[in-house]
Amino acid sequence: MRKRLFFLIILALIMMFIQGCSYGRNQTGLGYILKEAAKLRSYHTYYVKEYVKEPEVAGAGETRQDDSSNRNSNDSIPGQKKKVYLTFDDGPDSLITPLILDILDGYGAKATFFVVGTNVEKNPEILRDIVKRGHAVGNHTYNHRYSDVYSGGDGFLRSIRLNDELIFQTIGQRTRVVRDPGGEVRKSESLKRLLAHNGYQLIDWNVDSHDSRVPSPSAPEIIENIRRQIMQEHLWPGVIILMHDGPGHMNTVRALPTVLDMLVNQGFQFEVLK
Ligand SMILES: [Zn+2]
């Protein structure tokens, strides 16, 4: 009896020790990243189950295949390829961008990063890493400041050229694709003409993750925003998804594995914009 009591006390002490160890972990650095990675895995497991089901939109007049092992609906419309362009604006960021790059690598998926010059100055090595891992780079102005970019005159073009030069100095290659902050250029015919005249190609989006809204949507909300929009069949030849890898976009990181699973299961091919 005494022996048993002694054993129970030892067991309780061991449990208290283990709990004490994990309680003491701090919230920054490696500990923080490991915690975030664990959360990410649990989000992923849950939402894959929740959202990645049979494709909801089948091709017109087509019957679904009974073979559940083949969930790829790429051939639901004969001859049509389903292409997706993942785009990330506002980076590179020292925490968010590397996490996104690792997740993309896990899926062999390529994306286009529309970078802001002031963030390139802060994180040039991350921009080089983006290129090294086979992704494309786009121009998202030098400082993303509306008062500079949309103040009239040639402010927009100046900001684009400045960033163009910075990107070239950092990675040794130029990019012609441009994304305008807030999508404002699409409202201005003269700005569109100015860009085209100077050899730049404006890239819009047709699926918005809404991950830059304030307050920030949760990871499940981001997933749902994308899921709903990619079901529109007329977009399938070229789905362009707007997401952000600027500072603070942890919910985009959390949502990304499930978004990628959805896209793979729906039969999309990943392409980049150049
Ligand atoms: Zn932006």
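**View 1. Contacts of Ile100 in the predicted model.** Apart from neighbours within four places in sequence, Ile100 is in contact with Phe88, Asp245, Val253 and Leu256 (contact: C-beta atoms, placed from the backbone, within 7 Å). Residues are numbered from 1 along each chain as its sequence is written. In this predicted model, local features need pLDDT of at least 70 and side-chain atom pairs count only at pLDDT 80 or more, whereas totals for chains, interfaces and linings use all residues.

**View 2. The largest nonpolar core.** This core has 52 residues, and Leu86, Ile100, Val115, Val239, Ile241 and Val259 touch the most other members. Helix H10 (residues 250-265) gives the largest share, seven residues. A nonpolar core is a set of buried Ala, Val, Leu, Ile, Met, Phe, Trp, Tyr and Cys residues joined through C-beta atoms within 7 Å. A residue is buried if 20 or more other C-beta atoms lie within 10 Å of its own, exposed if 12 or fewer, and partly exposed in between, with C-beta atoms placed from the backbone. Helices (H or I, at least four residues) and strands (E, at least two) are DSSP runs, numbered from the N terminus.

**View 3. The two faces of helix H5 (residues 124-132).** Ile126, Leu127 and Ile130 are buried in H5. Seen down the helix axis, the buried residues fall within an arc of 105°, so they line one face of H5 (arc: that of the directions from the helix axis to the C-beta atoms). Glu125 and Lys132 are exposed on the face turned away from the buried side. The buried residues pack against helices H3 (96-107), H4 (117-122) and H7 (155-171) and strands E2 (112-115) and E3 (136-139). Just after H5, Gly134 takes a positive phi of about 90°.

**View 4. Helices H9 (residues 219-230) and H10.** The two axes come within 8 Å and cross at roughly 40°; axes are lines fitted to C-alpha atoms over the stretch in contact, and angles run from 0 to 180 degrees between N-to-C directions. Ala219, Ile222, Ile223, Ile226 and Arg227 of H9 meet Asn251, Thr252, Arg254, Ala255, Thr258, Val259 and Met262 of H10.

**View 5. Gly199 in its loop.** Gly199 lies in the loop between helix H8 (189-197) and strand E5 (201-202). Gly199 is exposed, with 9 other C-beta atoms within 10 Å. Arg176 is 23 residues from Gly199 in sequence, and their C-alpha atoms are 6.8 Å apart in space.

Key. Two residues are in contact if their C-beta atoms, placed from the backbone, lie within 7 Å.
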